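Good morning, colleagues. Please turn to the sequence and the structure on the screen.

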Amino acid sequence: MRCCGYDEFFDEGMARRDARRYRRKGLKGSARRIVETLLACGVDGAEVLEIGGGIGAIDVELLEAGAARATVLELSPGYESEAEALARDHGLEGRIERRLGDVVVRPEVAGRADLVVMERVVCCYPDAAALVGAAASRSRRMLVLTYPRYGLLARAVIAGANALLRVRGNPFRAYAHAPATIADAARRAGLRPAGPERGVVWRLAAFERA
Ligand SMILES: C[S@@+](CC[C@H](N)C(=O)[O-])C[C@H]1O[C@@H](n2cnc3c(N)ncnc32)[C@H](O)[C@@H]1O
């Protein structure tokens with residue numbers, strides 16, 4: 001149950017803005033919290049899979065902190081050239097592999113990894129249970145993800161944004177998913193919560209293999 005409009009919404013322009021911002025200011029708050037959570041558990045020698053990884057900034061940070069290699073899976077090809085430039089600038093081009101595809105629709109597109117990351121991705125996908133289940137089943141050790149708080153305000157903002165996209169004829173839609181749906185999908189794939197869900201606007205949930 002994949003939606004559409006990813007290529008148009010997450011395009012080269014967005015990739016350029018993300019890369020410029022990262023070069024100037026470093027990781028955004030929610031992404032920084034993902035990295036801090038993983039560093040606290042240890043990343044030395046780890047294989048990382050980032051689903052919906054955009055320019056791959058989280059992977060750059062994890063590799064520079066001692067992870068062995070990273071695979072970044074994306075639906076949109078718009079990030080590729082900025083991501084390659086970023087990896088090159090950090091001397092990491094041989095340690096980051098990029099793939100295009102949807103792990104729910106084409107499970108073979110991504111193998112297993114020690115650490116699986118999804119930063120602000122679940123809210124871009126209609127079927128949270130399928131996406132989180134696919135991510136969780138690929139994790140040997142941890143899955144860390146962020147998603148918007150499931151409150152009335154956040155749901156109203158998402159509904160407003162979708163109305164605007166509809167008026168503009170843009171087929172992309174954002175989704176509010178209940179944290180229980182996310183946690184259940186992770187549990188069904190054999191993971192258990194590694195600490196409480198936390199964060200004000202972007203909630204972070206970490207799971208570990210039971
Ligand atoms: C809001 S962007 C976040 C990008 C990056 N994680 C960041 O925080 O800058 C969401 C990304 O998830 C990707 N995405 C959504 N569903 C996906 C899926 N099933 N597989 C791979 N990528 C997906 C989209 O293409 C988009 O680039």
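This is a predicted model: local features need pLDDT of at least 70, side-chain atom pairs count only at pLDDT 80 or more; totals for chains, interfaces and linings use all residues.

Residues are numbered from 1 along each chain as its sequence is written, and side-chain values use heavy atoms, with hydrogens and water left out.

The chain has 8 helices and 7 strands; these are DSSP runs numbered from the N terminus, with helices (H or I) of at least four residues and strands (E) of at least two. For 210 residues, a compact globule would have a radius of gyration near 17 Å, and the 16 Å of this chain agrees with that. The radius is taken over C-alpha atoms, and the globule rule is 2.2 Å times the number of residues to the power 0.38. The C-alpha trace spans about 45 × 40 × 35 Å along its principal axes.

Let us turn to the open spaces. On a 1 Å grid over the protein atoms alone, a pocket is an open set of points with protein on both sides within 12 Å along at least five of seven lines; a cavity is a set where a 1.4 Å probe fits but cannot get out; and lining residues have an atom within 4 Å of a point. Points are joined across faces, edges and corners, and a volume is the space filled by probe spheres set on them.

The largest pocket has a volume of about 1100 Å³. It is lined by 49 residues, of which Phe-10, Glu-119, Arg-120, Cys-124 and Trp-202 are the closest to its centre. Which element gives the most to the lining of this largest pocket? It is H7, with 7 residues. By class, that lining has 31 nonpolar, 9 polar and 9 charged residues. Here Ala, Val, Leu, Ile, Met, Phe, Trp, Tyr, Cys and Pro count as nonpolar, Asp, Glu, Lys and Arg as charged, and the others, Gly among them, as polar.

The second largest pocket has a volume of about 190 Å³. Among its 14 lining residues, Glu-47, Arg-69, Ala-70, Thr-71 and Glu-97 are the closest to the centre. Its lining has 5 nonpolar, 3 polar and 6 charged residues.

The structure also holds 1 cavity of 30 Å³ or more. Ile-55, Gly-56, Val-60, Ala-83, Ala-87, Ile-96 and Arg-98 line the largest cavity.

Finally, helix H6 (residues 128–137) and helix H8 (residues 179–188) pack at an angle of about 40°, with their axes 8 Å apart. Axes are lines fitted to C-alpha atoms, for helices over the stretch in contact, and angles run from 0 to 180 degrees between N-to-C directions. In contact, meaning heavy atoms within 4.5 Å, Ala-128, Ala-129, Val-132, Gly-133 and Ala-136 of H6 meet Thr-181, Ile-182, Ala-185, Ala-186 and Arg-188 of H8. These residues divide into 7 nonpolar, 2 polar and 1 charged.
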